[in-house]
Amino acid sequence: MMQQQQPYTGQIYQPTQTYTPTSAQSFYGSNFEDEPPLLEELGINFDHIWQKTLTVLHPLKVADGSIMNETDLAGPMVFCLAFGATLLLAGKIQFGYVYGISAIGCLGMFCLLNLMSMTGVSFGCIASVLGYCLLPMILLSTFAIVFSLQGMMGIILTAGIIGWCSFSASKIFISALAMEGQQLLVAYPCALLYGVFALISVF
Amino acid sequence: MSAPGAAAGGGRSGTAADWGGFEDNMQGGGSAVIDMENMDDTSGSSFEDMGEMHQRMKEEEEEEEAEGEAGAAEEEDGEFLGMKGLRGQLGRQVADQMWQVGKRQASRAFSLYANIDILRPYFDVEPIQVRARLLESMIPVKMINFPQKIAGELYGPLMLVFTLVAILLHGMKTSDTIIREGTLMGTAIGTCFGYWLGVSSFIYFLAYLCNAQITMVQMLSLLGYGLFGHCITLFVTYNIHFHSLFYIFWLGVGGLSTLRMVAVLVSRTVGHTQRLILCGTLAALHMLFLLYLHFAYHKVVEGILDTLEGPNMPPFQRVARDIPVVSNAVLNTTAKAIALTL
């Protein structure tokens, strides 16, 4: 029964605004071409990820304390996934272990660093730093695909990689939290955490 | 016969509203004839009827009151809130208030008990201090006549417990220990933290009984640093498999750290019996724990050597170091003979 049909007031290619848009969206308007790129909307900035990766890979480079101000979990997620993938290539399906250990490790480091630092620290910052510093461990597990790490060379390589990861992580934490003179105290728990990851890679 | 019945029936119907129960049993005004057909079968006494009448009257009153109340409440609600038929609005408000009070109380309790800031002073250390305390934990003090100072710090002990967990995990992995009903990580963490917290609490309780001057944090700190000897012993003996080496380390390194803890406790306790109880318990538990860790979490050598393959043998693992490359059978029999003699 179409007796009381309302006249069509809109235009077919431009939807009428039926709500008040938020300030971010109002800038972009409502056209398809004016929408922001998906990555920008999600907050994934590849340039920043690359910068932080370079900071981790270059152990002697002085870390800028402000680089960890933005909590970026996209990079760490990618690295955890890559670590699990390299373990998969070596025949170990241990994604669950990787995520579980990283979650518990982040929680432990969060409690410890909150107790040890003058200013507090957020959980996102901790997770971000520890995730980025997992990158050398991916090199170790890549190496484990081809060679067995249970020999003397494997032990030396594992120890070196653990040292590299924990040194980078402690360097970034020290500069971000202004804890002078306590780098060794922060590096040791990081070394224990990365040691557990290395244990998964090696055995 | 019908006239008194009629009179009684008439009299009864006249007063049925007030005292109907009585009328069933009471006879008419002065009549000696009982009208059986008007007798109520169930009423043996007048109390039940009275009770029924009262109940009926009460129900009627309640209904009236309820209707009156509902009307009054609705009127109140209507006047107060300007909406009709919202008798549940009051209930909702009360429920909302209760929820908020409960939430406030829960968050206050949480912030009181889960406040980890109370542990902040125990983590304020320098690397130099930690290193000094680690080395001191292996040196027994000589002066037991006045109370020795114990550092009330929790960073070092916590890191040592985690190190012990890592060493245990490493030992379990290299010996392919299989844990049913659990995980390797869970077992290692449970054992180490259980020992540290449980034995500290137990010794603190004994110290309270024996009147020793020590606080809980100091006890945790003392026992935690005492695990340094355990870490060294296990790290060495999980990688170099000689039983005699383990016993030397057990007595030497384990004994030194136990002696240090015992000396500190003796300096803080008065009385021979009390000292004996406290220090004997601690020494026994500490030494036996090291023995347990070695034997429970790392398979003994014989079991591993049986599974070795000759050409694929990794260079450093599970082989006695000063034996030249010989055939597998000779290696196995030699190892078995050594193990049997120990």
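Colleague: Which helix of chain A holds Leu42(A)?
Modeller: Helices here are DSSP runs (H or I, at least four residues), numbered from the N terminus. By that count, Leu42(A) sits in helix α2.

Colleague: Is Leu42(A) buried or exposed?
Modeller: This is a predicted model: local features need pLDDT of at least 70, side-chain atom pairs count only at pLDDT 80 or more, and totals for chains, interfaces and linings use all residues. Buried means under 20% relative accessible area, exposed over 50%, and partly exposed in between, with a 1.4 Å probe and protein chains only. Leu42(A) has 57% relative accessibility, so Leu42(A) is exposed.

Colleague: What is the area of the nonpolar surface patch with Leu42(A)?
Modeller: Nonpolar side chains are joined within 5 Å, and areas come from the Shrake-Rupley method with a 1.4 Å probe. Helix α2 (residues 38-42) gives the largest share, 3 residues. Leu38(A), Leu39(A), Leu42(A) and Phe46(A) make a patch of about 450 Å².

Colleague: What is the phi of Ala178(A)?
Modeller: Residues are numbered from 1 along each chain as its sequence is written. Ala178(A) lies in the loop between α8 (152-177) and α9 (183-202) of chain A. Ala178(A) is not a glycine, yet its phi is positive, about 55°.

Colleague: Where in chain B is Asn211(B)?
Modeller: Asn211(B) is exposed, at 57% relative accessibility. Its phi is positive, about 60°, although it is not a glycine. Its place is the loop between α7 (184-209) and α8 (216-237).

How values were computed:
Chains lettered and ligands numbered in written order. Heavy atoms only, no water. Helix = DSSP H or I, 4+ residues; strand = E, 2+ residues; numbered from the N terminus. Patch = residues over 30% accessible without salt bridge, like charges linked within 9 Å, V, L, I, M, F, W, Y side chains within 5 Å. Salt bridge = Lys/Arg side-chain N within 4 Å of Asp/Glu carboxyl O.
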